[in-house]
Amino acid sequence: MALYIDPPTWPGHGRMWSHLVSDVSFEELHAFAERIGAPRRAFDRDHYDLPAERYADAVRAGAVEVGSKELVLRLTEAGLRRPKRRPAGR
């Protein structure tokens, strides 16, 4: 049972972002996000988007720092991956 966070390397809306995931359940993920003050609107299908300035808060609260590839691997292995649907032919 763990929560994982990747480095804030994802640009968007003038900021850099991290992804926060659980390898157990969305309930665990939502509870952790609430504890660190992440708004529910930051949840996107299977992860929370956290701005760079909140990265240290998540790590202090117990999130394990991993690379982006490892984060996706752990999410997939847990059966919690919900990828965006892509149109056929791409």
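Modeller: Just after helix H1 (26-35), glycine 37 takes a positive phi of about 85°. This is a predicted model, where local features need pLDDT of at least 70, side-chain atom pairs count only at pLDDT 80 or more, and totals for chains, interfaces and linings use all residues. Residues are numbered from 1 along each chain as its sequence is written, and side-chain values use heavy atoms, with hydrogens and water left out.

Biologist: Which residues of H1 are buried, and what do they pack against?

Modeller: Phe26, Glu28, Leu29, His30, Phe32 and Ala33 are the buried ones. They pack against S1, S3, S4, S5 and H2.

Biologist: Why is serine 22 called buried?

Modeller: Buried means under 20% relative accessible area, exposed means over 50%, and partly exposed lies in between, for a 1.4 Å probe and protein chains only. Serine 22 has a relative accessible area of 2%, so it counts as buried. This serine belongs to strand S3.

Biologist: What makes the pair of serine 22 and valine 24 a polar contact?

Modeller: A polar contact is a pair of N or O atoms within 3.5 Å; within protein, one must be able to donate a hydrogen and the other to accept it, and residues adjacent in sequence count only if both atoms are side-chain atoms. A polar atom of the serine 22 side chain lies 2.9 Å from the backbone nitrogen of valine 24, and 3.1 Å from that of serine 25. At the start of H1, a side-chain oxygen of serine 25 in turn comes within 3.4 Å of the backbone nitrogen of glutamate 27.

Biologist: What makes a set of residues a nonpolar core?

Modeller: The members are buried Ala, Val, Leu, Ile, Met, Phe, Trp, Tyr and Cys residues joined through side-chain atoms within 4.5 Å. The largest such core has 22 residues, and Leu50 is one of those touching the most other members. H1 gives the most to this core, with 4 residues.

Terms used
Helices (H or I, at least four residues) and strands (E, at least two) are DSSP runs, numbered from the N terminus. Contact means heavy atoms within 4.5 Å.
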